[in-house]
Amino acid sequence: MADKTAGDDTAFNSLLSAESTAAPRDTGTPLQSTSGRSTPSKIQQPKPQVLANRSGPSAILVSSRQKGNPILNHIKLLPWEYADIPADYVLGATTCALFLSLKYHRLHPEYIYSRIKALAGKYMLRILLIIVDIPNHEDSLKELSKTSIINNLTLMLCWSATEAAHYLELFKASENAQPTAIRTQQAQSYKESLVEFVTTPRSINKSDAASLISTFGSLQNAINAQPEQISAVPGWGEKKVHQWCNAVREDFRVENAKRVKAPERSPVDAGENTTGSGKMYETTEAAMYLAEAEGRSQLETQKGPLADDTPQQAGYAEEVSDGIAAALAKLRESGG
C-alpha cells in the first residue's frame, strides 16, 4: 500500500514539473517583462471621414437694413443671421439678393441705384427681388427691367412676403446643387430610345412597348403592321391601336399650317398702283430737291458772294437754279 502511494506521488510530481516547463497560456492580460513594464497592445483607430468643404456659411446672411422686414418671419426652413454685408441677403459664396418694394421705389427712385452701385460686382449671381405691392406697376417694372439688364441683375417678382421668403430659401438650398438636378434625363441606349418613341402616345406605357416590339421583332415591322395585327398584341385595346396607327401614319406637316396664297390682282389694279406710286415718288423727289436747293441758297446769302469762285462752281450754281425751276414745275403739276 505504501509502495502504491509513493508511485502516485512520483507521477504527480512529474506532471507538475511538465506543466511548469510548458508555454504559458494566453490569459488576455499583458505579460510582465523582466523590467516590470507592460507591453501595450496595438489598437488600429478608424480614419475620420473626409467631409466636403463648403465655401460659404450654412445660414442666410441678412443685412441690418432688413430689420423689421416681414420676410424674415417667413424664413423657417433655413437659419439666418445678421451680418455686415453690402447686399440685403447673401445666399452663397457667389449669390446675393437686393430687396425692393415698388411702393418704396416710387417714393425713393434713387435708392436702388445706390444699392446696385455699392455691390461693385462682388457676386456672380445678383438677384433683384421685387415685391409688387402697387396696382399700376407696368412702368416701374419696365424701368427696373432695363436697369437689371444693364447692371447684370436677375429680376425676380413676388406678390407676398411668403413668396419672397420661399425664393430666398430655394436659392440658398440650391447653393451646392449640381446642374444634373434640373437636366432632362436622356436615353442612354437604343432600347431606352425605342421605348421612349413607342410610348409617345399617351395611353401606351412601357409594358405595351415591350410587348409590341417582342411580337413584331422590330420597330419597322410594328409601324408597317395592320391594325388587325396590332390588336392581337397582349394588352393592346382598340384605343391604343387607334392612337398608334394615327401616330405612325399621319403627316409631319399640319394641315392648318399650309401656306395660304395671296389673292391674284388684275393688271389694271397693278397699273394704277404703279402709276400712283410713281407720281408719289416723283413728288417726294422734287420736294427733297427743292429743300436742298433752298438750304444752299440761304447758306450762300449768309456767307456772301466769293471772289474766287471757279468756273466749275459757277456751272454748278446754274445747274442748281435749273433744278429749282424743274422742281417747282413738278410740284405745280402734281398739285394741279
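Q: Which residues have the most contacts inside the largest nonpolar core?
A: This core has 19 residues. The elements that each give it two or more residues are β4 (95-101), α3 (111-119), β5 (125-131) and α4 (138-150). Apart from it lies another core, of 18 residues, with Y89, L91, A161 and A165 among them. Back in the largest core, the residues with the most contacts are L98, L102, I112, L128 and I130.

Q: Which residues does L102 touch, not counting those up to four places away in sequence?
A: L102 is one of the residues with the most contacts inside the largest core, so let's list its partners, with a contact being heavy atoms within 4.5 Å. Setting aside residues up to four places away in sequence, L102 touches I130, I131, V132, D133, I134, H137, S140, L141 and L144.

Q: In what order do the 6 strands of the open sheet come?
A: In total, the protein has 12 helices and 6 strands. The 6 strands form an open sheet with mixed pairing. At its edges, β2 and β6 each pair on one side only. Reading across, the order is β2-β1-β3-β4-β5-β6.

Q: In which sense do β1 and β2 pair, parallel or antiparallel?
A: Strand β1 (residues 60-63) and strand β3 (residues 89-90) pair in the antiparallel sense over 2 bridges, and V62 stands opposite Y89 in β3. On the β2 side, the bridge partner of I60 is W80. There, β1 and β2 (residues 80-83) have 4 bridges, and their sense is parallel.

Q: Which residues are buried on the two faces of strand β1?
A: Both faces of β1 are covered. One side has I60 and V62, and the other has L61 and S63. Put together, the buried residues are I60, V62, L61 and S63.

Q: How many bridges join β4 to β5?
A: These two strands run parallel. In this pair, S101 stands opposite I131 in β5. The number of bridges joining β4 to β5 is 7.

Q: Why do the buried residues of α3 line one face of the helix?
A: The buried residues in α3 include I112, R115, I116 and L119. What covers them includes β4, α2 (102-107), β5 and α4. They line one face because, seen down the axis of α3, they fall within an arc of 100°.

Q: Is H105 buried or exposed?
A: You'll find H105 in helix α2. Leaving aside its neighbours within four places in sequence, H105 is in contact with L100, I112, S140, E143 and L144. The cut-off for buried is under 20% relative accessible area. At 3%, H105 is therefore buried.

Q: What phi does A120 have, and is A120 buried or exposed?
A: A120 sits in the loop between α3 and β5, and its phi is positive, about 55°, although A120 is not a glycine. Exposed means over 50% relative accessible area. With 60%, A120 is exposed.

Q: Where does N152 lie?
A: N152 is not a glycine, yet its phi is positive, near 60°. Its relative accessible area is 54%, so N152 counts as exposed. As for its place, N152 lies in the loop between α4 and β6 (154-158).

Q: What is the mean pLDDT of the protein?
A: Of the residues, 57% reach 70 or more. Over residues 26-31 the pLDDT is below 50, and this stretch has 5 contacts beyond near neighbours in sequence. Where pLDDT is low, the predicted coordinates should not be read in detail. For the protein, the mean pLDDT is 74.

Technical notes: Residues numbered from 1 in each chain as written. Predicted model: local features only at pLDDT ≥ 70, side-chain atom pairs only at ≥ 80, totals over all residues. Heavy atoms only, no water. Core = buried A, V, L, I, M, F, W, Y, C linked by side-chain atoms within 4.5 Å. Buried < 20%, exposed > 50% of the residue type's maximum accessible area, 1.4 Å probe, protein only. Pairing = 2+ DSSP bridges. Arc of directions from axis to C-beta. pLDDT = per-residue confidence, 0-100.
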